[in-house]
Structure formats: C-alpha cells, structure tokens
Amino acid sequence: MNKSVFQNNQRVQQALMHSQINRNIMKNNLSADPNIKPEEIVVESDNMQQTIHINPNQDYQRVIPQVIMPSVFKGNRQQLKHLAGFMQKKSPHFIQGFQKKYCILENRKLSYYNPEKKTLLEGSLNFDLQDYQYSEQRNSQNKIIEFKLIPKGCEKEFIFKNENLQELQNWAQAVQEHLNQSDGKTKQMTFLSKTPKFWKHYQFSNLQVQEECDNGDIVLFKSKDRFAATTRVLLGSEFDHVGILYKENSQLYVYEAVQTGVGTFRWDYLKQQEWYKFYEKVCIRKLNYAQKNEYGVQKRFLEFINDNLGNDYSLNIGKFFRFTSTIKKPNDNEQGEKKRSYFCSELVAKAYKEMGLLDQLKSSTRYYPNDFTQEKQLQLLQGATLSPEFLVIFEG
C-alpha cells in the first residue's frame with residue numbers, strides 16, 4: 001500500500017474538519033498535487049499519529065480517519081472533595097432572607113437546586129470559567145457562620161450558611177480548595193461576569209468536558225454557515241447537528257454522521273484546531289443511566305461504533321416517511337446493517353437503540369437533532385435521562 005508521511009502538515013489536519021465550510025478542503029488539496037494520491041496518508045504531529053484511509057476507486061472525500069496513536073488526556077489537577085447536601089442561600093430579595101437549597105460541589109463547580117426537586121437547577125458557579133472573590137464571616141468562637149462568593153467584575157453576591165457549623169466548615173474549606181485549583185482563579189477570568197444572569201445556566205469548560213464526559217453523552221452543534229441555517233429551519237431546531245461521545249484509551253471522541261460519511265474525531269481538536277469558531281454554540285447533555293457502564297451495554301455500544309465507521313451519509317425525503325424500523329438480517333452476499341447510511345440524528349438514535357434506551361420499533365429516521373435538545377424532553381427507557389444542556393466555553 002502506498003503511504004505518505006506529513007510532519008505537522010496543516011492542510012491534511014484541516015482536511016479532517018467536519019464543518020460544512022471545510023468539507024471540500026481535502027478533495028481540493030489532494031487533487032491540486034498530482035504526486036499525492038496514496039491509499040493511506042499518515043499525519044504526524046508532536047504527540048499523535050493519525051492514519052487516513054482513502055479508497056482510490058471512489059471520490060477523495062470518502063475519508064475514514066482512524067487515530068492509531070492518540071495522545072491520552074490525563075487531568076493534571078488533584079482529585080478534589082465531592083460534597084452534596086443542603087445549605088441555606090441568601091435570596092436576592094431582601095424579604096425572603098435565606099432559603100434552603102440542595103447543593104453539589106464537584107470538579108470546581110458549585111451548583112444549587114430546588115430543595116424538593118433536586119434536579120431543577122437554580123444556579124451554577126463554574127470556577128473554571130470565572131474568577132470569584134471568596135470571603136467569610138466568623139463568630140466569637142472563630143467558627144465560620146457564612147461564606148460569600150462574588151464574581152470578579154460583577155456586583156452579584158452568593159452567600160451561603162448552614163445551621164450545622166461543622167458542616168459549614170467542611171463546605172467552606174472544600175469551596176476554597178476548588179477555587180484555588182480552578183482555571184478561573186489562575187487565569188483571572190472575568191468574561192462570564194459580562195453575561196447577564198450567567199449562573200442560571202450550566203456551563204462546561206473545554207477541559208471539564210474531557211474530564212467528565214463519557215460513552216453515550218450527547219453533543220449538539222449550532223453551525224454558522226448558511227447551509228446549516230437552512231437545515232435548522234427545515235428541521236425546526238435550534239441545532240443543526242448532533243453527535244455522540246465515547247472514550248477510547250482515556251481520550252474523548254465525537255462520533256458523527258456528516259456528508260463525508262460516518263466518522264470520528266478527537267474532542268480536543270475543537271480547541272486545538274480552533275474548529276469551535278465555526279459554531280455559534282456547542283452544548284453537552286450527559287447521559288444518566290444506572291446500567292451505563294455494564295459490560296453488555298458498553299459492548300453493544302462500542303460494537304455499533306466500530307461496525308458503522310465509514311458508512312455513507314444520507315438525508316432524503318424518503319427517510320422522513322419511514323415510521324417503523326426495518327429489521328434486516330444479513331446473508332452471505334451482503335453485510336446488512338453495516339452498509340446502512342445515516343443522517344446525524346439517525347445515527348445517535350440507532351446508538352441509543354443498541355444500548356436499549358429507545359423503542360426498537362420506532363424508526364431511527366424519525367429522530368431529528370431537536371429531539372435530543374432539552375426542550376423536547378426525550379423519554380428514554382430503563383429509567384435513563386439526559387441532563388440539561390451544558391454550554392461549552394472554549395475561550396480561556
């Protein structure tokens with residue numbers, strides 16, 4: 001097999017970009033150089049090597065990227081204490097005073113929820129995305145009786161207390177540890193403070209996505225190009241593209257169906273290659289499923305990813321009118337499901353079917369990108385749920 005090796009070759013790395021704006025880069029760049037027509041191209045950089053397989057009998061856009069030596073993401077920050085429980089938070093309305101909230105402190109985020117509906121978010125402070133000033137008030141016995149967080153560059157105050165002073169000491173100490181380990185403090189970030197009521201929504205830093213996301217989590221894209229805007233209008237969706245996340249060797253990948261076919265790319269490329277600039281918004285929805293990590297569930301999910309890598313992309317009017325799934329058994333002369341073509345949301349729906357989370361009889365073609373948004377409240381099986389949308393912040 002012919003093989004060409006490019007050291008830090010920017011044009012070949014750009015060829016992997018799945019944005020509609022850049023889908024023709026590889027075809028144009030390869031055909032511009034008649035000496036580069038290999039069946040296999042190896043792209044090398046400082047920390048990874050990537051092989052791109054090209055079928056010479058088909059269009060050069062038929063590309064299947066495969067990472068063969070991924071650089072494994074390893075968090076270099078210490079493990080921080082996880083806390084969950086009730087505290088009192090001071091209301092911005094003077095008459096209401098302090099109100100009971102269910103609070104969770106994890107991975108440099110302090111979030112508080114409705115005390116009755118513990119999944120109903122009322123506020124989220126992401127220390128990796130904003131620098132906070134910490135202060136505390138003590139009594140005559142030098143015990144902390146309340147602590148305060150103020151986003152730098154903002155007049156908003158978040159004041160917490162607890163009737164159990166020992167528990168409050170634990171919370172105050174843990175909050176300071178999370179603050180001191182955060183990017184917001186070390187990089188003195190203040191851009192969130194310019195966003196009105198930013199605490200009302202979940203936020204994820206790019207780094208937190210790599211640390212916290214796992215197999216089966218959903219990623220939603222709102223692209224900037226005109227084709228994507230037309231797609232959103234036709235599908236009645238804020239987002240024009242959806243993919244599904246999975247991990248391999250501790251590295252996070254996006255599995256998706258785009259016009260070049262079903263493929264995968266490393267999540268950190270969005271930041272490293274600045275692909276995020278092609279999107280108005282990128283959001284994450286985490287899959288909450290008690291059996292998510294069971295061997296059988298993971299086996300079916302990962303086999304589906306491997307079996308369908310490189311399949312065709314397809315979006316046509318006929319799919320919109322297919323209401324039930326077609327169960328097709330492969331015979332000796334065909335590969336059956338492996339040759340199936342996919343639209344982006346169809347691929348994600350089929351992956352969830354493999355995990356046992358969606359109705360097997362409802363056709364995967366009946367799912368569109370907006371079905372995986374928070375607004376649509378997709379009903380999953382086996383008690384599984386999707387989290388609210390986390391807005392991913394790539395700046396900083």
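User: Why does Lys-148 count as partly exposed?

Analyst: Lys-148 has a relative accessibility of 22%, and since buried means under 20% relative accessible area, exposed over 50% and partly exposed in between (1.4 Å probe, protein chains only), the value for Lys-148 falls in the partly exposed class. Glu-157, with a relative accessible area of 37%, is partly exposed as well. The structure is a predicted model, in which local features need pLDDT of at least 70 and side-chain atom pairs count only at pLDDT 80 or more, while totals for chains, interfaces and linings use all residues. Residues are numbered from 1 along each chain as its sequence is written, and side-chain values use heavy atoms, with hydrogens and water left out.

User: Which elements hold Lys-109 and Glu-212?

Analyst: Lys-109 and Glu-212 form a salt bridge with an N to O distance of 2.9 Å. Lys-109 is in strand E7 (residues 109–113) and Glu-212 in helix H5 (residues 206–212), so that the pair links distant parts of the chain, 103 residues apart. Both residues are buried.

User: Why are Cys-283 and Cys-344 called buried?

Analyst: Cys-283 has a relative accessible area of 3% and Cys-344 a relative accessibility of 1%, so each value meets the criterion for buried. A disulfide would be a pair of cysteine sulfur atoms within 2.5 Å, and a search of the whole structure finds zero.

User: What makes E12 and E16 the edges of their sheet?

Analyst: The open sheet has seven strands in the order E12-E20-E17-E13-E14-E15-E16, with mixed pairing. Strand E12 (203–205) and strand E16 (261–266) each have a single partner strand, so one side of each is left without a neighbour in the sheet. Two strands pair if DSSP finds at least two bridges between them, and E12 is joined to the parallel strand E20 (residues 390–393) by three bridges.

User: How far can residues 1–74 be trusted, given their pLDDT?

Analyst: The mean pLDDT of the protein chain is 78, and 74% of its residues reach 70 or more, where pLDDT is the predictor's confidence in each residue, from 0 to 100. Over residues 1–74, however, the pLDDT is below 50, and this stretch has 149 contacts (heavy atoms within 4.5 Å) beyond near neighbours in sequence. Residues 317–338 likewise stay under 50, with 36 contacts beyond four places in sequence. Where pLDDT is low, the predicted coordinates should not be read in detail.

Conventions
A salt bridge is a side-chain nitrogen of Lys or Arg within 4 Å of a carboxyl oxygen of Asp or Glu. Helices (H or I, at least four residues) and strands (E, at least two) are DSSP runs, numbered from the N terminus.
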